[in-house]
Amino acid sequence: MENIQDYIESGILEQYALGELSAAEQAAVEAQAASHPEIRAELEQVQAALGFYAEAHAITPPAAMRERVLNNVLAQISGPAATSSLRADVDAVAQTASRPAASTTQPVAANEAVVRPLSAAPVEVPASRSGWAIAASVALLLSLGGNMLLYSNWKSASSELVALQNEQARFATTSQVVEKKLGALQQENQVLRNDEFRAVALAGTKTAPTAHARVLFNPATHKVYVDVRSLPPLPADKQYQLWALDKGKPIDAGVLTVATATGEGLQHMKDIASAQTFAMTVEPAGGSAGPTLSTMTVVGNI
């Protein structure tokens, strides 16, 4: 064994003495004790401290051993504050268990007969059983304290995990929004830099003289984009609808979204095979089958 002292201070000898190990683990401890005198001597001290040899030897557990056992266990399950609290509970149990019971025997005369009822006869508790009671009380306190700390740590870790998951969800949502906007900007840049698109300026009519917009039309691919510069705001039940006039016949090119109508980037409209003029009218939400000419807002020729 590389480090006998580490093995001694691991707490396995105390577990062996308390009977908490499996058969295989007990055999391993016994093999180590047989091979190493230091481990055998320490094991005998632990057993003596827990009461195995209390009747035969009347050995008081060394204070250093008690401190080492408590420090080794408490340091693994708690912080400084919890260690202090648990130590106080252990000391109280140990003092209570070791305090001698008050004597209730009354002095009697030398020639007087003594009669004691059977139910009141004192029962002597073996020292080994007292040692086991102390050990069991210590183990119970340590187990309760450890369970409380583990539960507290579990709740804290669970809360931190939920917060982390929420933060990851918010980050993922933000990333998706940014990627979508970046994709839209890249598409707009490709349209604006493409010489195949013709820019058709749409000027305001008498209905809205200050309105301005433009249409980007590609005769080869039939793609149509609209770019709003300025349009009057509409109520919620109305939308702007783009029309293409091909040889005087109006063709539906789609309705504008609220964002597009306020000037937020380009909007891809319906494909138009051929057109000489583009115009916008105000229609009910969702669009109309034909234009309402009295609401024409902007118009422009190619």
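Q: Which residues are linked in a network of salt bridges?
A: Arg214, Asp227 and Arg229 form that network. This is a predicted model, in which local features need pLDDT of at least 70, side-chain atom pairs count only at pLDDT 80 or more, and totals for chains, interfaces and linings use all residues. Residues are numbered from 1 along each chain as its sequence is written, and side-chain values use heavy atoms, with hydrogens and water left out.

Q: What counts as a salt bridge?
A: Side chains of opposite charge can pair when their charged atoms come close. The cut-off is a side-chain nitrogen of Lys or Arg within 4 Å of a carboxyl oxygen of Asp or Glu. The structure holds four salt bridges. In one of them, Asp227 meets Arg214, with the closest N and O atoms 3.0 Å apart. Asp227 sits in strand β3 and Arg214 in strand β2, 13 residues apart. Asp227 also bridges to Arg229, at 3.5 Å from N to O.

Q: Is Asp227 buried or exposed?
A: Buried means under 20% relative accessible area, exposed over 50%, and partly exposed in between (1.4 Å probe, protein chains only). Asp227 has 12%, so it is buried. Arg229, at 54%, counts as exposed. Of the 302 residues of the protein chain, 28% count as buried.

Q: Which side chain does Lys223 meet in a salt bridge?
A: Its partner is Asp271, at 3.7 Å from N to O. Asp271 lies in the loop between β6 and β7, and Lys223 in the loop between β2 and β3, so the pair ties together parts 48 residues apart in sequence. Asp271 is partly exposed at 43%. Lys223 is partly exposed at 29%.

Q: How are the strands arranged?
A: Strands of a sheet pair through backbone hydrogen bonds, either parallel or antiparallel. Here helices (H or I, at least four residues) and strands (E, at least two) are DSSP runs, numbered from the N terminus. Two strands pair if DSSP finds at least two bridges between them. Eight strands form an open sheet, with antiparallel pairing, in the order β5-β4-β7-β8-β1-β2-β3-β6. β5 and β6 stand at the edges with a single partner strand each, so one side of each lacks a neighbour in the sheet. β1 and β2 pair over six bridges.

Q: How many aromatic pairs are there?
A: Rings of Phe, Tyr and Trp (its six-membered ring) pair if their centres lie within 6.5 Å; planes under 30 degrees apart count as stacked, over 60 as edge-to-face and the rest as tilted. The structure holds three such pairs. Phe197 and Tyr225 have ring centres 5.8 Å apart and planes at 65°, so this pair is edge-to-face. Both residues, Phe197 and Tyr225, are buried.
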